[in-house]
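Me: I am new to this one and would like to go through it step by step. Could you show it to me, please?

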Amino acid sequence: MTAALSPAGARAPRAVWLTLAGIVAAVNMNAAYIIGSVQLQGLAIAATNLFGLNAAMLFALYGLWEIGQKDTANAQAVPGSRSDMVVIAATLGLSLIPWNAASLVALLGIGLWCIVTSAAETAERRAGLIMLTMGGSILVARLLLNSVGDSVVNLDAQFVGWLAGVAVEDNVVDFRNFGERSFIIGLGCSSVHNMSQAVLLWATTTQLLRLKIDAPLVLFALMAMAGMFLVNAARLTAIAWYPQHFDTIHQGWIAELFGLISLIVAALIIAAGALHAHRRQA
């Protein structure tokens, strides 16, 4: 007696190949951070520091892997087509180019392919949304900072000055009770980076849990972004209040603590939104 092979058993589902290609593109997009962290800290320490990647990016990579692998057990899963293999080959080819912009284009391209060629609520569509968010959040952040970056950091500075109760001129914030010295809020300190992490956390969570995107769920995403903005503003305010600890708050262990707090705040808001959506959509 022989068991009949299902289409998914005869050939790997297209979701598996597409998500694996997306993971390769995403990893190569961040290759500079990964290689730099290993060169600077060594393999063991770099591993404990997530190879320079933020937790939201790692969660998104996990989400892609989980969605792709779960589809292998789906009897209705569709095997990859020739067109899929062409897109996958192009994605991998672009990912081999030692320029992160090429990998970003590859990730956006395969994410868009997954959405355009897949039915709603399929593994491919859900993975595509994560890929587009992963690449799109980075692209939008870069475009914002390169086009209106001065306005963004000026807004950060004005808000921090209001919280700290100190004078502000453009993106220059005075230290409180520290003579006439001040510090500059640069593009690297902008809250835009943290807010993009919140969007990625939200997109990955909603697609892993198969939630339907609606207005209340979008509101929770905005709340998570606002939460990360406020935590970063609190860190910059702490710099204004305690200039003697500038290095520690700016890049040291206190900065890492604020980063962890912002991640926890966003995660709790997103979890509350996901639970609320699950109850509404059940």
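Me: Which residues do ring pairs link into a cluster?
Reply: This is a predicted model. In it, Phe159, Trp162 and Phe229 are joined into a cluster by ring pairs.

Me: How many aromatic pairs does the structure hold?
Reply: There are six aromatic pairs in the structure. One of them is formed by Phe159 and Phe229, with 5.3 Å from centre to centre and 50° between the planes. That pair is tilted.

Me: Which parts does that pair tie together?
Reply: Phe159 belongs to helix H8 (residues 123-164) and Phe229 to helix H10 (residues 215-241), so the pair connects parts that are 70 residues apart in sequence.

Me: And is Phe229 buried or exposed?
Reply: Phe229 counts as buried, because its relative accessibility is 19% and the cut-off for buried is under 20%. Phe159, at 24% relative accessibility, counts as partly exposed.

Me: Changing topic: where is Val199?
Reply: Val199 is placed in helix H9, which covers residues 191-208. With a relative accessibility of 25%, Val199 counts as partly exposed.

Me: What does Val199 touch?
Reply: Leaving aside residues up to four places away in sequence, Val199 touches Thr133 and Met225.

Me: What separates the C-alpha atoms of Val199 and Met134?
Reply: The separation between those C-alpha atoms is 8.8 Å, while Val199 and Met134 are 65 residues apart along the chain.

Key. Residues are numbered from 1 along each chain as its sequence is written. This is a predicted model: local features need pLDDT of at least 70, side-chain atom pairs count only at pLDDT 80 or more; totals for chains, interfaces and linings use all residues. Side-chain values use heavy atoms; hydrogens and water are left out. Helices (H or I, at least four residues) and strands (E, at least two) are DSSP runs, numbered from the N terminus. Buried means under 20% relative accessible area, exposed over 50%, partly exposed in between (1.4 Å probe, protein chains only). Contact means heavy atoms within 4.5 Å. Rings of Phe, Tyr and Trp (its six-membered ring) pair if their centres lie within 6.5 Å; planes under 30 degrees apart count as stacked, over 60 as edge-to-face and the rest as tilted.
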